[in-house]
Amino acid sequence: MCELVVKLSNGKEIPIDENTMAIVYKYIRSEYSLDALARDLGLERWEEAYEFIKKLPAWIAWMPSSMFEYTKRRICGEA
């Protein structure tokens, strides 16, 4: 199974899975600081969270959660 990841400039890789997307949805749809986002993603500073949000494709961030797994399988060629 392939894994979608966002690579940060410091070499960290953040996997794009259901848990990560739940955190991203919370960040996008509510008052949620970059500090809180960094903490929940296991990052060291808000700057890393900012870089993650900048590198995350917008179409993934705004995709309904019910379609995420289906789309991920299609991208990975598993459908």
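Reader: Is Glu 48 buried or exposed?
Author: Glu 48 is buried, its relative accessible area being 3%, where buried means under 20% relative accessible area, exposed over 50%, and partly exposed in between, with a 1.4 Å probe and protein chains only. This is a predicted model, in which local features need pLDDT of at least 70 and side-chain atom pairs count only at pLDDT 80 or more, while totals for chains, interfaces and linings use all residues. Residues are numbered from 1 along each chain as its sequence is written, and side-chain values use heavy atoms, with hydrogens and water left out.

Reader: Which residue does Glu 48 form a salt bridge with?
Author: The partner of Glu 48 is Lys 12, with the closest N and O atoms 3.4 Å apart; a salt bridge here is a side-chain nitrogen of Lys or Arg within 4 Å of a carboxyl oxygen of Asp or Glu. Glu 48 lies in helix α3 and Lys 12 in the loop between β1 and β2, so this pair ties together parts that are 36 residues apart in sequence. Helices (H or I, at least four residues) and strands (E, at least two) are DSSP runs, numbered from the N terminus.

Reader: And what else does Lys 12 meet in a salt bridge?
Author: Lys 12 also meets the side chain of Glu 44, at 3.5 Å from N to O. Because Glu 44 sits in the loop between α2 (34-41) and α3 (46-55), and Lys 12 in the loop between β1 (5-7) and β2 (13-15), the pair ties together parts that are 32 residues apart in sequence.

Reader: How accessible are Lys 12 and Glu 44, then?
Author: Glu 44 is exposed, with a relative accessible area of 60%, whereas Lys 12 is partly exposed at 24%.

Reader: How many salt bridges does the search of the whole structure find?
Author: The search finds six. One of them joins Lys 55 and Glu 51, whose closest N and O atoms are 3.3 Å apart. Both residues lie in helix α3, four residues apart, which is about one turn of the helix. Lys 55 counts as partly exposed, at 42% relative accessibility, while Glu 51 is buried at 14%.

Reader: Changing topic: which residues have the most contacts inside the largest nonpolar core?
Author: Those are Ile 16, Leu 37, Leu 43, Phe 52 and Leu 56, in a core of 23 residues. A nonpolar core is a set of buried Ala, Val, Leu, Ile, Met, Phe, Trp, Tyr and Cys residues joined through side-chain atoms within 4.5 Å.

Reader: Which element gives the most to this core?
Author: That is α2, with five residues. The elements that give two or more residues to this core are α1 (18-29), α2, α3 and α4.

Reader: What about cavities, how many are there of 30 Å³ or more?
Author: The count comes to one cavity of 30 Å³ or more, and the largest cavity has a volume of about 30 Å³. On a 1 Å grid over the protein atoms alone, a cavity is a set of points where a 1.4 Å probe fits but cannot get out, and lining residues have an atom within 4 Å of a point. Grid points are joined across faces, edges and corners, and a volume is the space filled by probe spheres set on the points.

Reader: What lines the largest cavity?
Author: The lining consists of Leu 4, Trp 59, Ile 60, Met 63, Phe 68, Thr 71, Lys 72 and Ile 75. Helices α4 (58-61) and α5 (65-76) each supply at least two residues of this lining, and α5 gives the most, with four residues. By class the lining of the largest cavity divides into six nonpolar, one polar and one charged, where Ala, Val, Leu, Ile, Met, Phe, Trp, Tyr, Cys and Pro count as nonpolar, Asp, Glu, Lys and Arg as charged, and the others, Gly among them, as polar.

Conventions
On a 1 Å grid over the protein atoms alone, a cavity is a set of points where a 1.4 Å probe fits but cannot get out, and a pocket is an open set with protein on both sides within 12 Å along at least five of seven lines; lining residues have an atom within 4 Å of a point.
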